[in-house]
Amino acid sequence: MTGRLTRQDDTHMCDSKELLVGFLYGELDPSEKRTFEVHLGTCAECRDELAALRMTRGQIALWTPPVPDLDFHVARRAAAPPPAPRFRIAPAWGLAAAAVLVMALATAIANVEVRYGHDGLVVRTGWQRAADPTASAPRGGEPNATPVDWKAQADHLDRRLRDLERAMSRNAGSVVPAAAASGLSDAQVLQRVREMLSQSETRQQRAVAARVAEITRDFDAQRRVDLAAIDQGMARLQNTSGAEVKQYRDLIQRMYRATSYQQK
Amino acid sequence: MPSTDEELVARSRGGDLDSFNQLVLRWERPIYALAYRVIGREEDARDVAQETFLRAFRALKGFKGQAKFSSWLYRIALNLCRDWMRRERRTPVAQAPEGIDIIELAGETNPSESIEDLVSRHELGRAVAKAMSHLPEEQRTAIILKEYHGLTFREIADLLDCPLSTVKTRLYQGLTVLRRQLREAGVESTFGK
């Protein structure tokens with residue numbers, strides 16, 4: 001391009017808003033820029049339009065957005081912990097833990113006491129001994145035991161009935177006894193009460209015996225599970241520490257024997 | 001010497017979260033400003049900006065450097081702005097406070113600027129925001145990218161997936177409409193002239 005423009009060129013320049021915008025933003029290549037500058041020198045209309053657009057640019061530059069406190073940042077989410085194995089015995093310390101478990105089990109079983117004599121039925125375990133002593137009222141000079149002394153209770157109730165009977169006989173004539181109203185003699189009422197107490201005692205004894213049997217079964221099942229787990233752990237250790245495994249196996253077997261002996 | 005965007009992107013793609021957060025720090029204000037000017041609401045613009053960086057982070061593995069990182073961010077942000085406008089079925093809002101807090105303005109000014117000039121500048125800014133909100137979306141976006149973010153015609157064309165000539169036409173038409181609206185609003189001259 002030369003510095004001189006024909007009338008056709010001038011018309012094209014005026015019509016081409018792309019050139020105007022390119023010049024406005026300084027994005028014409030050097031030759032286009034020179035040509036458009038020549039055109040501007042001769043075209044007042046384009047000069048005015050260019051000035052107006054520059055002013056508009058100056059005005060819109062004044063629109064500023066608010067300045068918020070953004071402080072975005074991307075944080076890595078903490079990795080979820082791996083699912084805990086359902087049951088896993090680690091070498092050495094795992095076996096030791098299992099041994100402690102078996103020992104605790106054996107101790108608990110060894111402390112079970114089931115007695116039925118003239119005092120009535122008494123059930124006591126190591127765990128019950130550790131329990132809140134206020135949970136059951138102590139009897140018979142055994143502050144931490146939980147005896148079920150049915151005979152003593154029956155005697156106590158018998159004495160209480162006799163006291164009531166005496167009190168009623170003293171007030172005879174003024175109060176009509178309920179037994180008389182129902183057509184039964186006092187002796188018959190007492191007999192009936194004793195029978196009911198006896199039946200209740202029998203039912204309670206059966207229930208306690210069933211519960212003891214259930215606990216014993218549970219202990220036995222748990223012991224089998226634990227021993228199986230210990231065996232599994234030992235099998236894993238066979239290739240790593242034979243002597244250590246033998247030592248733990250002996251220990252477990254001794255405890256097992258001790259447990260069986262105490263159960264008998 | 002601060003790392004370039006390309007260096008930070010490369011490290012981020014390798015799993016360096018700090019590098020990505022440096023990119024966030026560098027670009028959060030421009031992206032927020034873009035979103036604010038396109039959709040006109042502060043809180044929504046903040047949400048768009050935040051979502052832009054989350055999406056960029058998730059898609060970083062797929063960013064091969066075929067464009068500038070900033071252009072890639074702008075594209076994500078503009079897509080989110082379009083989604084927002086489609087979802088809200090609304091045109092941008094020229095959000096401006098009712099009154100002018102002189103004390104707040106005074107904190108923004110430079111020492112040589114009088115308080116009268118400061119107030120005039122803010123009023124003019126509000127008038128521009130209102131005029132911009134009336135522009136068609138294509139023209140408004142082209143003007144925002146050119147005037148406030150300094151993108152070249154070519155970058156805008158690539159970003160908006162349109163020919164170079166279309167970008168220039170949108171700019172010309174948009175500026176012409178703004179000029180007329182500002183004149184009608186009584187804003188005759190550039191501030192400070």
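This is a predicted model: local features need pLDDT of at least 70, side-chain atom pairs count only at pLDDT 80 or more; totals for chains, interfaces and linings use all residues.
Colleague: Let's begin with the fold. What does the secondary structure of chain B come to?
Modeller: Read along the sequence, chain B follows the pattern α-α-α-α-α-α-α-α-α. In numbers, its secondary structure comes to 9 helices and 0 strands.

Colleague: What percentage of the residues of chain B count as buried?
Modeller: On contacts, residues 24 or more positions apart account for 66% of those in chain B with a separation of 6 or more. As for burial, chain B has 193 residues, and the share of them that counts as buried is 33%.

Colleague: Now to H6(B). Which of its residues are buried?
Modeller: Helix H6 of chain B covers residues 115–133, and its 19 residues reach 27 Å from first C-alpha to last, close to the 27 Å expected. The buried residues of H6(B) are B:His122, B:Leu124, B:Ala127, B:Val128, B:Ala129, B:Ala131 and B:Met132.

Colleague: How many of the 12 residues of H7(B) are buried?
Modeller: Helix H7 of chain B spans residues 137–148, and its end C-alpha atoms are 16 Å apart, in agreement with the span it should have at 1.5 Å a residue. The buried residues include B:Arg140, B:Lys146 and B:Glu147, along with B:Ile143 and B:Ile144. H7(B) is largely enclosed by the rest of the structure, because the buried count is 9 of the 12.

Colleague: And what covers the buried residues of H7(B)?
Modeller: Both chains take part in the cover. It includes H4 of chain A, and from chain B it includes H2, H4, H6, H8 and H9.

Colleague: Which residue just after H7(B) takes a positive phi?
Modeller: Its phi is about 65°. The residue is B:Gly150.

Colleague: Is B:Asp161 buried or exposed?
Modeller: B:Asp161 lies in the loop between H8 and H9 of chain B. Its phi is near 55°, a positive value in a residue other than glycine. With 8 other C-beta atoms within 10 Å, B:Asp161 is exposed.

Colleague: Is B:Val167 buried or exposed?
Modeller: B:Val167 sits in helix H9 of chain B. Beyond its neighbours within four places in sequence, B:Val167 is in contact with B:Ala142, B:Phe153, B:Ile156, B:Ala157 and B:Cys162. The C-beta count within 10 Å is 26, so B:Val167 is buried.

Colleague: Over to chain A. Are H2(A) and H3(A) roughly parallel or roughly perpendicular to each other?
Modeller: H2, residues 17–24 of chain A, and H3, residues 30–42 of chain A, pack with their axes 10 Å apart and at an angle of about 105°. The contact is made by A:Leu19, A:Gly22 and A:Phe23 of H2(A) with A:Glu32, A:Lys33 and A:Phe36 of H3(A). By class, these are 3 nonpolar, 1 polar and 2 charged residues. Given that angle, H2(A) and H3(A) are therefore roughly perpendicular.

Colleague: How far apart in space are A:Leu19 and A:Phe36, C-alpha to C-alpha?
Modeller: A:Leu19, in helix H2 of chain A, counts as buried because it has 20 C-beta neighbours inside 10 Å. Leaving aside neighbours within four places, it is in contact with A:Met13, A:Leu28, A:Glu32 and A:Phe36. A:Leu19 and A:Phe36 are 17 residues apart in sequence, and their C-alpha separation in space is 7.4 Å.

Colleague: Last one: which helix supplies the largest share of the side of chain A that touches chain B?
Modeller: The contact takes 27 residues from chain A and 39 residues from chain B. On the chain A side, H2 and H4 each supply at least two residues. By class, that side has 16 nonpolar, 6 polar and 5 charged residues. The largest share, 8 residues, comes from H4(A).

Definitions and conventions: Residues are numbered from 1 along each chain as its sequence is written. Chains are lettered from A and ligands numbered from 1 in the order in which they are written. Axes are lines fitted to C-alpha atoms, for helices over the stretch in contact, and angles run from 0 to 180 degrees between N-to-C directions. Helices (H or I, at least four residues) and strands (E, at least two) are DSSP runs, numbered from the N terminus. Angles under 35 degrees count as roughly parallel, over 145 as roughly antiparallel, 65 to 115 as roughly perpendicular and the rest as oblique. Two residues are in contact if their C-beta atoms, placed from the backbone, lie within 7 Å. Ala, Val, Leu, Ile, Met, Phe, Trp, Tyr, Cys and Pro count as nonpolar, Asp, Glu, Lys and Arg as charged, and the others, Gly among them, as polar. The expected span of a helix is 1.5 Å times one less than its number of residues.
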